[in-house]
Protein chains: 2
Amino acid sequence: MESPAPRRTRIQQEKRELILEAALEVFSTNGFRGSTIDQIAEAAGMSKPNLLYYFRRKEDIHETLMQRLLDTWLAPLRELDDIGDPLTELRSYIRRKLEMARDFPRESRLFANEILQGAPRIMPLLEGELKTLVDEKATVIKGWMRAGKIAKTDPWHLIFSIWATTQHYADFDVQVRAVLGPDRGGDGRFEDAARFLEQLFIEGLKPKG
Amino acid sequence: MESPAPRRTRIQQEKRELILEAALEVFSTNGFRGSTIDQIAEAAGMSKPNLLYYFRRKEDIHETLMQRLLDTWLAPLRELDDIGDPLTELRSYIRRKLEMARDFPRESRLFANEILQGAPRIMPLLEGELKTLVDEKATVIKGWMRAGKIAKTDPWHLIFSIWATTQHYADFDVQVRAVLGPDRGGDGRFEDAARFLEQLFIEGLKPKG
DNA sequence: CTAACGTTTGTCCAATCGGTCAAAAATTTG
DNA sequence: CAAATTTTTGACCGATTGGACAAACGTTAG
């Protein structure tokens, strides 16, 4: 698909990076169709034709952004290992995901935007790479359940619920802050969330009997 | 703000309803800026000028849609009562929210789109009506905790987590279906989700000791 | 019937969109 | 230095956008 080794100068590397950073900001808050090349160019501090010299089409920027995103986005799940105590393993997965929501909210929103609109550009990835990874981890979790290490439930929906609860703090950040108000909506909200989620999932998954 | 009683003919009532239905479909899948008046008009089976006869601006349609949405959207939380068994009360709240995600996914996505983009049109509502309602219910939940009926945690984040997990099945529907695959991604996925969420929250919230 | 009113549409407009192009400016290379 | 190459930009284009408007059409009350 992509040319194997696109030779790039130093300036090209830097400017492309600059554009991607600006595009992440714009796309994540306005969606793909809601964002204009002019907006991205202005945010990157260059003219529109100049931007189009580095990325020939608007879609190319978005595609590059999405490709990079998915790698880092799924990293925490990949790290979910069979070695170590299951409850500890799940606890760190939840913590890592919540940290990502805190540190990379724009990436989370970019992804959410794409999914919300039917994932037109990454559907094959969801059905392929993502499904494979989740199925694999679901098997690991199922093993924990069979061994009586955690309560028996549906591993897939368990993973969904971890995604949903953690990403919520990035995607619905404005709502969270509005509801918590100026007092509790400050920086401490992520620590409160971490405490709550840990309790919910650990207590909810402790083996019975 | 709004004229108190906009007198409308029978045709106006019907056509406005038709437009709102079409607009819900279009807005929820393309976002506000990603949707065009032509798309909505075509989906409603009328010409663009005709549509603009009933709603003078594109924003008016969106605004009307959002106002209606919020009432029905918060209804389940309003019903969360102090009477009755706390765990049962929470269980039915979760079930109702999940049913709404199943039966009104477009409304959920419309709301998600708005929040994702910083809630530019409903921010006052979030800080006002919504915050008040959530604070009120958080007090109720706190009472249950003090009475030892459910485990002690943060009521606000508990509510967030219920929102996140249930709405996930509407907002991220494509991803859920893609990961579950053709076998498990069918109609049964909502029942599986209901079973899982019930277990997670009930076990996670059972009082200790 | 006809006048009044409500409804519908074809046509048009200015603004904005993604993208092109040639030429200027800056940089690298020999 | 000068030539070759890369980078930057102003001007421009066709398509699409939200919206205006007057004329045509339909309906209803007297």
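Residues are numbered from 1 along each chain as its sequence is written, and chains are lettered from A and ligands numbered from 1 in the order in which they are written. Because the model is predicted, local features need pLDDT of at least 70 and side-chain atom pairs count only at pLDDT 80 or more, while totals for chains, interfaces and linings use all residues; side-chain values use heavy atoms, with hydrogens and water left out.

**Exercise 1. The fold of chain A**

Task: State how many helices and strands chain A has, and describe its extent and burial.

Solution. 
- Step 1. Helices (H or I, at least four residues) and strands (E, at least two) are DSSP runs, numbered from the N terminus. By this count chain A has ten helices and zero strands.
- Step 2. The C-alpha trace of chain A spans about 65 × 45 × 30 Å along its principal axes.
- Step 3. A residue is buried under 20% relative accessible area, exposed over 50% and partly exposed in between (1.4 Å probe, protein chains only). Of the 209 residues of chain A, 53% are buried.
- Step 4. Contact means heavy atoms within 4.5 Å. Among contacts in chain A between residues at least 6 apart in sequence, 67% join residues at least 24 apart.

**Exercise 2. Charges on chain A**

Task: Determine how many positive and negative side chains chain A has, and how far apart the centres of the two sets lie.

Solution. 
- Step 1. Lys and Arg count as positive and Asp and Glu as negative; His and the chain ends are not counted. The place of a charge is taken as NZ of Lys, CZ of Arg, CG of Asp or CD of Glu.
- Step 2. Chain A has 32 positive and 33 negative side chains. The centres of these two sets lie 2 Å apart.

**Exercise 3. The surface near DNA strand C**

Task: Identify which residues are closest to DNA strand C, and which element supplies the largest share of the surface near it.

Solution. 
- Step 1. A residue is near a strand if one of its heavy atoms lies within 4 Å of it. DNA strand C is surrounded by 19 residues, of which the closest are Lys58(A), Thr9(B), Lys15(B), Asn50(B) and Tyr54(B).
- Step 2. Of the atoms of DNA strand C within 4 Å of the protein, 56% belong to sugar or phosphate and the rest to bases.
- Step 3. A polar contact is a pair of N or O atoms within 3.5 Å; within protein, one must be able to donate a hydrogen and the other to accept it, and residues adjacent in sequence count only if both atoms are side-chain atoms.
- Step 4. A polar backbone atom of Ser35(A) is 3.2 Å from a phosphate oxygen of DNA strand C.
- Step 5. The largest share of this surface, four residues, comes from α3(B).

**Exercise 4. The surface near DNA strand D**

Task: Repeat the analysis for DNA strand D, and state which element gives the largest share of the surface near it.

Solution. 
- Step 1. Of the 17 residues around DNA strand D, the nearest are Thr9(A), Lys15(A), Tyr53(A), Tyr54(A) and Lys58(B).
- Step 2. Sugar and phosphate make up 60% of the atoms of DNA strand D that come within 4 Å of the protein.
- Step 3. Phosphate oxygens of DNA strand D lie 2.9 Å from a polar side-chain atom of Gln12(A), 2.4 Å from a side-chain N or O atom of Tyr54(A) and 2.8 Å from a polar backbone atom of Lys58(B).
- Step 4. The largest share, four residues, comes from α3(A).
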